[in-house]
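Here is a short briefing to read alongside the model. Have the viewer open and follow along, topic by topic.

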Amino acid sequence: MNYYFNKTVENVTFDEVIESVTAALTTEGFGVLTEIDVKATFKKKLDVDFRNYRILGACNPAFAFKALEAEDKIGTMLPCNIVIHQISDTQIEIAAVDPVASMQAIENNNLIELAGEIRAKLERVIIQS
Amino acid sequence: MLIPIQTVMAQLQEKYYTSKTLNGTFEEVTRKVTSVLLEQGFGVITEIDMDVKLKEKLDDIEMNPYKILGVCDPSFAYQSIQFEENIGLFLPCKVLVKDLGNGSVEVVMVNPVVLMSMLGNKDLIEIAAKVNDKFNAALQQLQ
């Protein structure tokens, strides 16, 4: 068991991958609530050069609300992150957090089923992207 | 390989968060949290008003103000990413500001040690422990 699922895409631009991930997220009912350009942040704050690396924070409102009702501090694990980063000149990795793995940190049986449903959706997002 | 979290937590005896409840308005407490985090080197890089977002999308729900702050110390983030390239899946660290009603506001900080222990990477656990110490210091300063 790993804490994420992923795939590598080739010969597409970084922006195209961001677009296709965002579209796949929308299809599965997720909105993108946060977007962090890690490369730009490291340049600005640390003056270091880093590869293309983007963190999208995705949220499915109905599931998020159910999760918050089951566990009021679940916000510490929200939104669900998808990382898109350049691993070579022609290859880009897309990875989504596995909510079933991170929910194990919280001993709450009501969350397990929800996390399983979200996992299935995020897996489809990775396949479709 | 992923270490079963139950094993990790039994060893750690730790919860996945630490929290403190204060008296004051939601806005006041949000300002104070932001300021004590900044003193510890953490900037707020994302901010989600979860109650507002959910009310926009879902009909007939009731929810008190609930803010999710994404906080980050860039140098810790940079170190972490060298050890584990997909660590961005857990970044930034989350701090919650929750309105409990009747003038009480709860501040909740994630305990990164619990999640990083699950990954079983000693270097990451060390960084997470430093972050957690700073979060605890920020929480103590909060009054």
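In chain B, 41% of the 143 residues count as buried, meaning that 20 or more other C-beta atoms lie within 10 Å of the residue's own; 12 or fewer make a residue exposed, anything in between partly exposed, and C-beta atoms are placed from the backbone. For chain A, the buried part is 44% of 129 residues. The model is predicted, with local features needing pLDDT of at least 70 and side-chain atom pairs pLDDT 80 or more, while totals for chains, interfaces and linings use all residues. Residues are numbered from 1 along each chain as its sequence is written, and chains are lettered from A and ligands numbered from 1 in the order in which they are written.

**Chain B overall**
- Chain B holds six helices and five strands; these are DSSP runs numbered from the N terminus, with helices being H or I of at least four residues and strands E of at least two.
- Along the sequence, its elements run α-β-α-β-α-β-α-β-β-α-α.
- Chain B is as compact as a globular protein of its length, because its radius of gyration is 16 Å, close to the 15 Å from the globule rule for 143 residues (taken over C-alpha atoms; the rule is 2.2 Å times the number of residues to the power 0.38).
- The C-alpha trace of chain B spans about 45 × 35 × 30 Å along its principal axes.
- Of the contacts in chain B with a separation of 6 or more, 68% involve residues 24 or more positions apart; a contact requires C-beta atoms, placed from the backbone, within 7 Å.

**Chain A overall**
- Five helices and five strands make up the secondary structure of chain A, in the order β-α-β-α-β-α-β-β-α-α.
- With a radius of gyration of 15 Å, close to the 14 Å that the globule rule gives for 129 residues, chain A is as compact as a globular protein of that length.

**Where the chains meet**
- Chain A brings 33 residues to the contact and chain B brings 31 residues.
- On the chain A side, helix 2 of chain A provides the largest share, five residues.
- That side of chain A comprises 22 nonpolar, nine polar and two charged residues (nonpolar: Ala, Val, Leu, Ile, Met, Phe, Trp, Tyr, Cys and Pro; charged: Asp, Glu, Lys and Arg; polar: the others, Gly among them).

**The nonpolar core**
- The largest nonpolar core has 82 residues, and Val21(A), Ile82(A), Ile84(A) and Val95(B) have the most contacts inside it; such a core is a set of buried Ala, Val, Leu, Ile, Met, Phe, Trp, Tyr and Cys residues joined through C-beta atoms within 7 Å.
- Helix 6 (residues 122–141) of chain B gives the most to this core, seven residues.
- Beyond its neighbours within four places in sequence, Val95(B) touches residues including Val33(B), Leu69(B) and Val108(B).

**Helix 1 of chain A**
- Its buried residues are Val17(A), Ile18(A), Val21(A), Thr22(A), Ala24(A) and Leu25(A).
- These buried residues line one face of helix 1 of chain A, because they fall within an arc of 165° seen down its axis (the arc is that of the directions from the helix axis to the C-beta atoms).
- The face turned away from the buried side carries the exposed residues Asp15(A), Glu16(A), Ala23(A) and Thr27(A).
- After helix 1 of chain A comes Gly29(A), with a positive phi near 90°.

**A look at Val125(A)**
- Val125(A) sits in helix 5 of chain A and counts as buried, with 25 C-beta neighbours inside 10 Å.
- Its contacts, leaving aside neighbours within four places in sequence, are Val21(A), Ala24(A), Leu25(A), Glu28(A) and Ala96(A).

Notes: Contact = placed C-beta atoms within 7 Å.
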